[in-house]
Amino acid sequence: MIARRLRLTEALLLFCTAIVLLTGTLLVSVAKAPASTPVLLNTASAPELTKALGGDAALAKAVLSEREKRGAFSDVDALVRRKVLSAAQLRAYEPELAVHTWGLANVTLWFSTLGLLVMFLVLHLHLRRIWPVTDPYLLPCAALLSVLGVLLLFALKDPIRDRMAFFAQAQGVWLGGACVLLLTLKRFWSLPLHRYGYIYVLGSVLLIALLGVFGSGVGHVKLNLFGFQPVELVKVLLAFFLASYLADRGRALADTSAQARRADLYPLLAAYALPLALFALLKDLGPVLVLFGTFMALLYVVTSRSAFVWLGLVALGLGGWIGYVLGFGVFRTRVEMWLHPWDNPAVGGDQLALGLWGLATGGPSGAGLGLSGARFIPRGGSDLAFSALGEELGLLGPLVVVLCLAVIFWRGLVMAPRTRSEFERYLAIGLTVLIVLQGLVIVCGCLGLLPLTGICLPLVAFGKSSVVMTWVSIGLLLGISQRAQHDPELLQPYVHKGLGRLALTLTVPLLVCLVTALATQTVLANKLALQLVRTPDADTVVRPHRNPRLLALSNKIQRGRLLDRNGKVLAETVKGKRVYPRGAATAHLVGVLSPALGGPTGLEESLAASLQGMEDWEQALALWRGKDLPGFTLPQGQDVSVSLDATLQEAALKAIAKRAKRAGAAVVLDIATGEVLAAATFPTYDPTKPVTITKDSPQLNRATSGLYPPGSAFKPVTAAALLKAGKGAAKYSGGKGGRETVRWKIGSQSYSRSITNDEGEALGRSLTLTSAMVRSSNIYFAHAGIDVGAEALQRTAGQFGLTHLPERPQWERELPDLSYGQGSLLATPMEMASVMQTVASGGIRRRPHYALSEKPETLATPLTPEQAEVIAKALREVTESGTARGVFSTLAFKVAGKTGTAQTSNGDKKSHSWFIGFAPAQNPKVAFAVLIENGGYGAKSAAPVAREILRAWDGK
């Protein structure tokens, strides 16, 4: 009766698995069917290849020559690996090429499905005949995970262009099933397996030694040995060794009344050393976590002595720390990804983010087998198979994986107390923990709960060696369960206690993984799918990157034109290619679209949604999730006008290039709205070519991101702080001899500093605010800053939008220097132009922006109109009778502004040249800032550049 009930339970579960397999095969077959018939690389003639390669006869000849010389191509990507095509050429021609026909791929899929069904049926019938009371849940769980693995690999890969990894996976399952059949032989179970403990450990040592000498792998990480991965066999051998050793010595180790003899501890120390040796070879923490976890679990179950657990944790932590410090393989990168998944300095540090993007983008329902963007997940069929499965199947994928692992875990623990021998008991626990802990470690890695590792998700991820050995472990557990018919009450109490704590220790992480996966695909899905990740590109430059699925969808929409405020084209799509008519003049602002050039960047990135007819990237996410629904249509790209004036931008760049020996920048803002009319940077770059990194940093947008000491250009901010403090009428020394020592006190600390005016000018003992601004007296503003105080000056600078300010202690120590724009104070040209916009608008600071349709946004009002007029009047006199007199006399309108000569240790150590201001001086319309690196005196370099820019603007 019991045997019949167990047989029916297993049959029903296997029948459900067969339904999943047949349904999944049908769905993935339909989803992956190609829309066209490409040319077969390995049989095509020269004319056929020439046509497929865009009419390039020479390229076709090179492909034929390589095929004849080195044999058939295993996949289309082999054209790049063999250096026949470049990566860019492959992207262009790949849709026209294949290595398999769809008929062959489809037949192979259905053949694999049929083979799996036959195997599961044979196993079920044979096991129920040979082992009638074996556990009925283990085989269905292993079968279901194996089915998911085969279907996932077919869905992830291009069946006509890639290798048939799904078929290799199916072969691994068949081989594993054959091993299970062999394990049903009575002769195997009659062997004295518990007596071969040292053979198991010696075999493990031999395999590790062979791996160290003859092993191969990517990036100096040795994984493969003669076509298989010995670490998978080592894990099972060490489980056998521990079971054998603990069956023999477990009672002695558990005896707390007597000190364990050294002879009992030496084998355990050797067992601890083997995983560390694997870590040194594999440079991956995953196998070490699995083996150490299994060792500690068994030792604790057998002995209930926590000392062994702490010893293992200390050894594991020490090994991990050493591996991180020494930079073992990619271990450090994986730790950095774990600590900072969305912003880390590691090249390739976006792997975890790509997996989380997949889970989140798939959402609760998933995209469907073969319809997701899991192709964007690196190693989606291996390391990140859990993420890929979640994207394909939604909540169902993680739920099935975690439940199958949980069932295997609980069934393994349930059979352990009933085993006929201690050896089989400990072997059952060891094999169970090996399978479940391996799954738990990689699932935690995919969810960001632990560092990612290179181990396989049992039976799901690609890896024939892992699949076979997992099936062998399942077969062993099935055999043990058949023989496990003894009374569990005969167990020692401490073993019951250890099993209970082990159950809790692994059940809680499984529940945490399940909850985390569900949260990632539901309440956090949209947030994570839209999250940007900042990691270095191949050129080592750190850039923000968006979910590639959303970019792939948006790239299918022909972008609208990007226009300046007068309708001139800044960017447009011509014959499928994005072109930039203004070239280098607008490169930093408009940016580039092509990922090959580091794109998307600039306005191409920030306005991408509008250019593609979308409201925002959240709409792009909704479009991606609905792309395979009936009636789906893509939106139409829209033209977008921005605030830039292309003519003014080009004039600004030309003026800077004429005066700047090294570099410079200029910004022009509309005073009333905050619109950016121009933001030019020199040197610049050609947006159609990769940026060449040089010491002049042409990729840096100096107008918005270049940081410089503002020098005397900061004096209007100090003047504002003085007026806000009610001390605008105060007079201070301007320096009778051109140099003066100023003294100030902060709390109980006294300071003194010798201040010199520009070029050592003697400007007198008593200056007003206006005269000090006109004559640019450093000494006056040093006194004024001391009188106002560090707190008030720092607060005023923040209200004007300066963001790169020193901390308060530095303000107190450097107060007089900071008061005239030196010391540790830094600002961008955009920020300094915003200072002038605030003064010219009567004290209202507008947010600088590029969108024409955007309403003006007030960020702060650091000045009253009356206070702003005092500063504006002084700035008008600067160009009439002060440091910039005569510079703008040839213009049709008057200009107000302030020169700045900022000392620096950069470049040739010559001062940076600044000029900031607004025009016309009365009823101003535009504010501006010009910076010439190492340009010297403000009136000599920056001011003439400002004049040429204003001449191009000419009051329009």
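This is a predicted model: local features need pLDDT of at least 70, side-chain atom pairs count only at pLDDT 80 or more; totals for chains, interfaces and linings use all residues.
Which residues does R578 touch, not counting residues up to four places away in sequence?

**Entry 1: R578.** I found that R578 touches R559, G560, L562, A571, E572, T573, L593, E604 and L611, leaving aside residues up to four places away in sequence. I located R578 in strand β7. The side chain of R578 reaches the backbone oxygen of G560 at 3.0 Å, and it forms a polar contact of 2.9 Å with the side chain of T573.

**Entry 2: the sheet around β7.** I traced an open sheet of 4 strands, ordered β7-β6-β5-β8, with mixed pairing. β7 (577-579) and β8 (640-641) stand at the edges with a single partner strand each, so one side of each lacks a neighbour in the sheet. Further in, I examined β5 (residues 562-563) and β6 (residues 569-574), which run antiparallel and are joined by 2 bridges. L563 has V569 in β6 as its bridge partner.

**Entry 3: a helix pair.** I turned next to α16 (residues 351-362) and α17 (residues 385-393). Their axes lie 7 Å apart, and the helices pack at an angle of about 20°. Angles under 35 degrees count as roughly parallel, and α16 and α17 are therefore described that way. The crossing of α16 past α17 is left-handed. At the contact, I listed G355, G358, L359 and G362 from α16, which meet F386, S387, G390 and E391 from α17.

Definitions and conventions
Residues are numbered from 1 along each chain as its sequence is written. Side-chain values use heavy atoms; hydrogens and water are left out. Two strands pair if DSSP finds at least two bridges between them. A polar contact is a pair of N or O atoms within 3.5 Å; within protein, one must be able to donate a hydrogen and the other to accept it, and residues adjacent in sequence count only if both atoms are side-chain atoms. Contact means heavy atoms within 4.5 Å. Axes are lines fitted to C-alpha atoms, for helices over the stretch in contact, and angles run from 0 to 180 degrees between N-to-C directions. Angles under 35 degrees count as roughly parallel, over 145 as roughly antiparallel, 65 to 115 as roughly perpendicular and the rest as oblique. A crossing is left-handed if the near helix is turned anticlockwise from the far one by less than a right angle, and right-handed if clockwise.
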